[in-house]
Amino acid sequence: MPDVMVQRIIQNHPQLMGFKALLHGACLLPALWIFYLGAIDSLGADPVKALIHFYGIGAVHCLLATLVVSLLSKKLRTPLLMRCRRLLGLYVAFYATLHIVCFLVFEWQLQWAEVIDEIIRRPYITFGFIAWLILVALTLTSFKRAQRAMGARWSQLHSLVYLSLALILLHFYWSQKSPWNQAIAYAFAGAALLYLKRSNLLNWLKLFK
Amino acid sequence: MKQRPPSLSEAQVTDEQLYLNRRQLMKGAAALTALSAFPAPAQAAAKVYPLTYRKDSSDLPLTPEQKVISYNNFYEFGTDKGDPIKNAQHFKTSPWQVTVSGEAEKTGAFTLEDILKWNPLEERIYRLRCVEAWSMVIPWVGFPLADMLKRFQPTSKAKYVAFETLFDPEQMPGQRSRWGGGGINYPYVEGLTIAEAMHPLTLMAVGLYGKTLPPQNGAPIRLVVPWKYGFKSIKSIVSITFTEQRPRTTWSELAPNEYGFFANVNPKVAHPRWSQASERIIGSGGLFAQKRRDTELYNGYAEQVASLYSNIKENHFF
């Protein structure tokens, strides 16, 4: 069977379509529901903090899920699973963007000067912001056409997702008041995933030699 | 579980004109009924009782009661701000005893009932500024710490006052492991200079919103120091010690580069990781009703407390 045919069968696989729809629902509905709760003041004493944290942790969950999917699809040799990776990856950027928009609009009430000052002066915010810029770059080049046009440089750029993960986890850990916090558990999960993907990482690092 | 309301000692029955009860007033009932002994149902499961006290005339807009009692940094009951209201409802606050020791003439153990007999209660509407750059306006009920401490007759050696929170891992899940309690080496300890402790703004609170403290807010007795970051206002106190040396304090021990002994509110001195220049007010309303305000030096109490620090050379804003 020619490759193009295989592609088409996979693309139009009804189970895949159903699974993708399910993923969209699982990623999109909580984001909307939590915003609604915040708007009607049903999100605890501080709806702003609750919303910002929810979107931030949502981005971390999606990012970890993306890497797990990528690992599993290779291990299990199921290309179907791989076809969900881009969708999940886009939701990482979606949640991270909501996280930043809420920080800007609700936490800082659109005081741009103060926000820019915070991004520059607070290392944990600087790191988070750089991670977001990476995610934006990956989102803008996530389309098939961009992938084809960029060739080898595409995977070079998209390997920055590992750097983004490291920056996000550091941002998460650093944002907590106590040095003994939940972000440590996420850091372990992130480190484990990076270890399992070490061959990709090493290949990527070789490009800079 | 039957519990005697701690508010009804004879010493507190005073002039009706001066001592009003906000709750009863709002209900439009006669002031006398404020002295009756029925327990009032609270929003939370834990029992709280109405108190009798002199009202504060401050007109600061208050943080809604439901938010004050459901958003708490009380790591003994979990590190999430929503944990304490869930985990503290069966916290036993009766019987309760405070041990007084150190550089004072009259030391010993005193029951909460004793302590409540010593001073009339008054309301103090204070802004509580958390080091995390948010604030709440809370109507506390209590008495000046100075009035309590004077009874113990501190000696000339008493340069500091050290406070300790109850240590009871059975009741306080956060104390059972480093992970559950944010890495704090329990019991939680705090301290003030004797001058800070004796300042008339420094309050021993036993209630808020006209009722006894809910457990998640530090029942049955806690400190409130309005010109300092919130972590100085230690909760559920079981020990007071007069010391000559500066006592160790929990957060400055956990992260010495981020939290100091004094921790006075100052918009110009940033936390190493975030700005303290302004704060978000926890008020009523959802996402679109949020307000930010510029943080004030000494949290707005500079006029009253700045003189405490005129002779202190070290950085007292840390």
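This is a predicted model: local features need pLDDT of at least 70, side-chain atom pairs count only at pLDDT 80 or more; totals for chains, interfaces and linings use all residues.
Chain B contributes 24 residues to its contact with chain A, and chain A contributes 21 residues; here two residues are in contact if their C-beta atoms, placed from the backbone, lie within 7 Å. On the side of chain B that touches chain A, nine residues are nonpolar, nine polar and six charged.

Residues are numbered from 1 along each chain as its sequence is written, chains are lettered from A, and ligands are numbered from 1 in the order in which they are written.

**Chain A**

Chain A holds twelve helices and zero strands, where helices (H or I, at least four residues) and strands (E, at least two) are DSSP runs numbered from the N terminus. Its radius of gyration, taken over C-alpha atoms, is 19 Å, close to the 17 Å from the globule rule for 209 residues, so chain A is as compact as a globular protein of that length. The rule itself is 2.2 Å times the number of residues to the power 0.38. Along the principal axes, the C-alpha atoms fill a box of roughly 60 × 45 × 35 Å. Of the contacts in chain A with a separation of 6 or more, 62% join residues 24 or more positions apart.

An unreviewed UniProt entry places "domain: Ferric oxidoreductase" at residues 56-168 of chain A; such annotations may be inferred rather than shown by experiment. That span is 88% helix and 0% strand, and its end C-alpha atoms lie 9 Å apart.

**Strand β9 of chain B**

Now for a strand with several partners. Six of the six residues of β9(B) (residues 203-208) are buried, so the strand is largely enclosed by the rest of the structure. Buried means that 20 or more other C-beta atoms lie within 10 Å of the residue's own.

| Partner strand | Sense | Bridges |
|---|---|---|
| β6(B), residues 134-144 | antiparallel | five bridges |
| β11(B), residues 222-224 | antiparallel | three bridges |
| β10(B), residues 211-212 | antiparallel | two bridges |

Individual bridges can be followed too: B:L203 partners B:P144, B:A205 stands opposite B:R222, and B:L208 partners B:K211. In the hairpin of β9(B) and β10(B), two residues lie between the strands, and B:Y209 takes a positive phi near 50°.

Key
Ala, Val, Leu, Ile, Met, Phe, Trp, Tyr, Cys and Pro count as nonpolar, Asp, Glu, Lys and Arg as charged, and the others, Gly among them, as polar. A residue is buried if 20 or more other C-beta atoms lie within 10 Å of its own, exposed if 12 or fewer, and partly exposed in between; C-beta atoms are placed from the backbone. Two strands pair if DSSP finds at least two bridges between them.
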